[in-house]
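Let's take a walk through a protein model together. Keep the picture open while you read, and look for each part as we come to it.

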Amino acid sequence: MGTYIFLMLFSVAAFFSIRLVKNESLTNIIMLIWLIVIVFISGFRVDLGQDFSGYKSNFENQEFSHYEPLVALLCEILYYINLPYIYFFVALSLFTFIFFLKFVSGKDREIQYLIVLIFLALPHYYFQTYNLTRQMLAVVIFAYASTLIGSKIKYIF
């Protein structure tokens, strides 16, 4: 519980300071620090989440074929370079929160901290990143992709 309270207070402070800071490079540093902290907390978890043991077992037994192609490729790469199963969670967490940051950073600075606060304060959202790791990754990729609708920038997915 202490970790969650720390994370919430740290996130509110980080994104509220982003609201006040006008220097873009300082804003990027604050966002990078936030990303490192949240990925460390959510990535290096052990035995947290309903699907943790299933992912661990699948990773150790090289049973990746029933995953989505990119997740299976990630598992294959991590297994090939001989990293432990925990780095699978770190990688999923990293990608999830990178896309979350890309989604949030596209919003007005006045409401960025509110989006993060809502994400963390409503337990359903943040804690689902522990339970439904691949699904939450898909949700934040979709949220980010939805910000590109109507933009002149063309992305290929």
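**A tour of the helices**

The protein chain has a mean pLDDT of 78, and 80% of its residues reach 70 or more; pLDDT is the predictor's confidence in each residue, from 0 to 100. This is a predicted model, where local features need pLDDT of at least 70, side-chain atom pairs count only at pLDDT 80 or more, and totals for chains, interfaces and linings use all residues. Residues are numbered from 1 along each chain as its sequence is written, and side-chain values use heavy atoms, with hydrogens and water left out.

What is the chain built from? It has eight helices and zero strands. Here helices (H or I, at least four residues) and strands (E, at least two) are DSSP runs, numbered from the N terminus. Among the elements of the chain, H5 has the highest mean pLDDT (87), while helix H7 (residues 123-131) has the lowest (64).

So let's stop at H5. It has 20 residues and reaches 28 Å from its first C-alpha to its last, close to the 28 Å expected at 1.5 Å a residue (the expected span is 1.5 Å times one less than the number of residues). Because 14 of those 20 residues are buried, H5 is largely enclosed by the rest of the structure. Buried means under 20% relative accessible area, exposed over 50%, and partly exposed in between (1.4 Å probe, protein chains only). In the chain as a whole, 41% of the 157 residues count as buried.

Who are the neighbours of H5? Two packed helices are described by the angle between their axes and the distance between the axes. The axes of helix H2 (residues 24-43) and helix H5 (residues 86-105) come within 9 Å and cross at roughly 145 degrees. Axes are lines fitted to C-alpha atoms, for helices over the stretch in contact, and angles run from 0 to 180 degrees between N-to-C directions. Helix H3 (residues 52-60) also has an axis that comes within 9 Å of that of H5, crossing at roughly 115 degrees. There, Phe52, Tyr55 and Phe59 in H3 meet Ile86, Phe88 and Phe89 in H5, where contact means heavy atoms within 4.5 Å.

Finally, find arginine 134 in helix H8 (residues 133-147). Is it buried or exposed? Arginine 134 is buried, with a relative accessible area of 17%. It touches Tyr55, Tyr67, Glu68, Val71 and Leu92, not counting residues up to four places away in sequence.
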